Amino acid sequence: MRDGIEEGPEEQASEPRRPRLVYPFEAVPETGSGQAVEVAPGVLWLRQPLGGSLAFINVWAIADGDGWTVVDTGFHTPETSQAWRAAFAQALGGRPVTRVIATHLHPDHVGLAGWITRRFDVRLWMTRLEYFQCRMLAADTGREAPEDGVRFFRAAGWDAEEIENYRTRFGGFGKMIYPLPDSYRRMTDGEVFAIGGHGWRVVTGQGHSPDHACLWCEDLGVLISGDQVLPRISSNVSVFPTEPDADPLTDWLASLARIKATVPDTVLVLPAHNDPFRGLHARIDGLISGHERALARLAGKLVEPRRAIDAFGSLFARPIGSDLLSMATGEALAHLNCLIGRGLAVRETDGEGVNWYRALPQ
């Protein structure tokens, strides 16, 4: 289990009728091959290996003068490093990387950013919250699990064995990231900067990560959406021990609505996982309505007090084993905290430190 970096368990009824999306590319790049597919003039689609259920991440190279701007990188693994060496020689034609953009802090996106920026002596571009939180999480490598985290998961209903597994896994985040550069170039929401003669606008979103950057090029009609909008899976939106009272789902839903109001439906969406697609607004509508149905379904189950782990059956179709327990707990808490924020539920703590949630009369 890699905390907070894979997409979350698919919701039970998020998308009973998925919107009709269009996938315009029959050919896809072979994962880790060094080959690419051009999806727009000067925009290359590559796939780097992840392993696990997701198998690969889509990364992008954008022609930028005599070189390439790279967007997202994959994990810090020997396999992914070798895949990039092949890409530098083949798809990128031996031309240098001019900058690296990381859409957000998760290791499958930023894992090799430090390696590539040092190799080509170029700058890493990220939003401020993503850069500094990534450095904070990487600094936990080798630490013992904090008692705040133990209390957090005990409050969610974890048993002693599950908490011991948390203690064992803690601090693994930094192992998947090549050390970040000690300086970076900050991106801000609404900023427009040039890549290869075209303007690219930063459109940020919150909920999946602190300040995720999407990149919209109106000239080319493309949106690099990272994990903010995915066509076939719903990105994990979780509460973490560092901020147990957070309401990331409200942030997530508001971000999706704002992206829909900002970016036209005509764009070709370039997501981090699955395939490029058209149908941005329909997909956003489906994601929002799916979470709203999940909230309503969960609220209906809180007639009887429940712990966070008791909410899984209302949210997820698949069984939740130890490999998904952390993400499922975080996502359950995101829904529960959202209900509390809407005045639909209340949280009460028993004498053992376990939180119980119940619906409020309406």
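Me: What makes both faces of strand S12 (residues 268-271) count as covered?

Reply: Leu268 and Leu270 on one side are buried, and so are Val269 and Pro271 on the other. Buried means under 20% relative accessible area, exposed over 50%, partly exposed in between (1.4 Å probe, protein chains only). Strands (E, at least two residues) and helices (H or I, at least four) are DSSP runs, numbered from the N terminus. This is a predicted model, where local features need pLDDT of at least 70, side-chain atom pairs count only at pLDDT 80 or more, and totals for chains, interfaces and linings use all residues. Residues are numbered from 1 along each chain as its sequence is written, and side-chain values use heavy atoms, with hydrogens and water left out.

Me: Why are S11 and S12 said to pair?

Reply: Two strands pair if DSSP finds at least two bridges between them. Strand S11 (residues 222-226) and S12 have four bridges, in the parallel sense, so they pair. In one of these, Leu223 has Val269 of S12 as its bridge partner. From S11 the chain crosses through helix H7 (residues 248-262) to S12, in a right-handed β-α-β crossover. Right-handed means that, with the strands pointing away from the viewer, the path from the first strand over the helix to the second runs clockwise.

Me: Why are H7 and helix H8 called roughly antiparallel?

Reply: H7 and helix H8 (residues 280-301) pack at an angle of about 155 degrees, with axes 10 Å apart. Angles under 35 degrees count as roughly parallel, over 145 as roughly antiparallel, 65 to 115 as roughly perpendicular and the rest as oblique. So H7 is roughly antiparallel to H8.

Me: How do you know that Cys214 is too far from the closest cysteine sulfur for a bond?

Reply: A disulfide is a pair of cysteine sulfur atoms within 2.5 Å. The closest cysteine sulfur to that of Cys214 is in Cys217, 14 Å away, so it is too far for a bond. The whole structure has zero disulfides.

Me: Why does Cys214 count as buried?

Reply: Its relative accessibility is 1%, so Cys214 is buried. Cys338 is at 0%, so Cys338 is buried too.

Me: Is Asp72 buried or exposed, and why?

Reply: Asp72 has a relative accessible area of 1%, so Asp72 is buried. Asp72 sits in the loop between strand S4 (67-71) and helix H1 (78-89).

Me: Is Asp121 buried or exposed, and why?

Reply: Asp121 has 71% relative accessibility, so Asp121 is exposed. Asp121 lies in the loop between helix H3 (113-120) and strand S6 (123-127).

Note on methods: Axes are lines fitted to C-alpha atoms, for helices over the stretch in contact, and angles run from 0 to 180 degrees between N-to-C directions.
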